[in-house]
Amino acid sequence: MMLPQASSLAPNVDHLFDTLLALCALVVIGVFTVMIVFCVKYRRGTDAIRTPAHRHMGVELTWTLVPFFLFMGIFGWSVHLWIKLRTPPKDAQPVYVVAKQWMWKVQHPGGQREIDQLHVPVGQPIRLVMTSQDVIHSFYVPAFRVKQDVLPDRYTQLWFTATRAGTYDLFCAEFCGTDHSRMRGRVVAMAPAAYARWLHAHQGTGLAAQGADLFRQLGCSGCHDPRSGVHAPHLYDLYGRTVPLADGSQVLADERYLHDSILLPKKQVAAGYAPIMPSFEGRIGEEDVLALVAYLKTRTHAAEDTDEHR
């Protein structure tokens with residue numbers, strides 16, 4: 001049974017696999033054909049000439065270099081495809097995924113939540129930002145030809161564009177415990193209009209709004225507010241900026257850096273600040289961290305000015 005090609009990446013992956021399979025089959029057939037011919041021709045009792053063969057440099061170079069360049073071509077093709085798989089489009093819509101034994105917890109930016117289900121629109125690139133609450137899992141959708149490990153205390157991402165409406169299997173492709181085989185779900189690809197209706201029907205508190213509430217409840221605003229008496233970094237326009245560190249190095253303030261700054265604040269201390277921030281590891285879950293990161297990503301002077309003028 002052939003799997004459907006339900007994402008924009010699936011045909012590319014299939015073409016590479018089919019080409020590699022055909023090339024390997026060609027090599028195997030060639031080797032076994034020559035081997036069988038020689039076995040028959042030089043079998044015991046035949047009058048075949050058995051004197052040492054003369055060297056034919058052209059033949060030796062041909063059977064060495066032709067397969068070499070063919071397989072190097074496959075290697076270059078696979079690297080190009082791997083880069084494409086790892087580079088989401090700039091307009092990809094983020095969706096947040098937390099894996100745990102044994103379920104997939106999904107949250108959309110608009111506050112829609114799902115368990116073991118992921119609704120996506122057809123034709124819109126989707127970027128999954130994923131982390132694990134316990135052990136290593138692996139997000140695998142065979143019909144989309146995408147798979148990505150989901151790791152504890154770390155963000156990984158995966159992107160795809162669904163091209164066919166339908167319901168597709170979602171598996172965990174990493175053995176993650178005794179009930180690993182039960183950790184499965186489905187991806188529902190919907191027409192854009194139907195997806196818009198689904199979003200409206202399941203609308204909840206936005207992830208950034210949840211993060212804003214947590215920012216105040218956890219006391220983060222007490223230290224990181226510009227008017228605070230505590231000497232702590234201001235967080236406006238932090239996301240995407242290069243941050244100088246106390247050890248002289250620099251780091252890009254991406255989702256991973258924000259995640260680690262909340263759970264492991266002493267791992268990368270910003271230059272000019274004392275390492276006094278307490279760790280929130282064990283106090284809040286990965287879903288709360290995702291909400292805080294989503295809020296910090298929206299915390300810009302431009303957004304604050306807009307809110308103040310509403």
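Me: Which hand does the crossing of α1 and α2 have?

Reply: A crossing is left-handed if the near helix is turned anticlockwise from the far one by less than a right angle, and right-handed if clockwise. Here α1 and α2 cross in the left-handed sense. Helices here are DSSP runs of H or I with at least four residues, strands are runs of E with at least two, and both are numbered from the N terminus. This is a predicted model, where local features need pLDDT of at least 70, side-chain atom pairs count only at pLDDT 80 or more, and totals for chains, interfaces and linings use all residues. Residues are numbered from 1 along each chain as its sequence is written, and side-chain values use heavy atoms, leaving out hydrogens and water.

Me: At what angle do α1 and α2 pack?

Reply: Axes are lines fitted to C-alpha atoms, for helices over the stretch in contact, and angles run from 0 to 180 degrees between N-to-C directions. Helix α1 (residues 10–41) packs against α2 at about 165°, the axes being 11 Å apart. That makes the two helices, α1 and α2, roughly antiparallel (angles over 145 degrees; under 35 is roughly parallel, 65 to 115 roughly perpendicular, the rest oblique). By class, their contact has 11 nonpolar, 4 polar and 1 charged residues (Ala, Val, Leu, Ile, Met, Phe, Trp, Tyr, Cys and Pro are nonpolar, Asp, Glu, Lys and Arg charged, the others, Gly among them, polar).

Me: What is W77 in contact with, beyond its neighbours within four places in sequence?

Reply: Contact means heavy atoms within 4.5 Å. W77, in helix α2 (residues 57–86), touches H15, L16 and T19.

Me: Is W77 buried, exposed or partly exposed?

Reply: Buried means under 20% relative accessible area, exposed over 50%, and partly exposed in between, with a 1.4 Å probe and protein chains only. At 33%, W77 is partly exposed.

Me: Which residues of α3 are buried?

Reply: In helix α3 (residues 192–201), they are A194, Y195 and W198. Seen down the axis of α3, they fall within an arc of 100°, so they line one face of the helix (the arc is that of the directions from the helix axis to the C-beta atoms). The face turned away from the buried side of α3 carries the exposed P192, R197 and H200. Among the elements covering the buried residues are β1 (93–100) and β10 (184–190).
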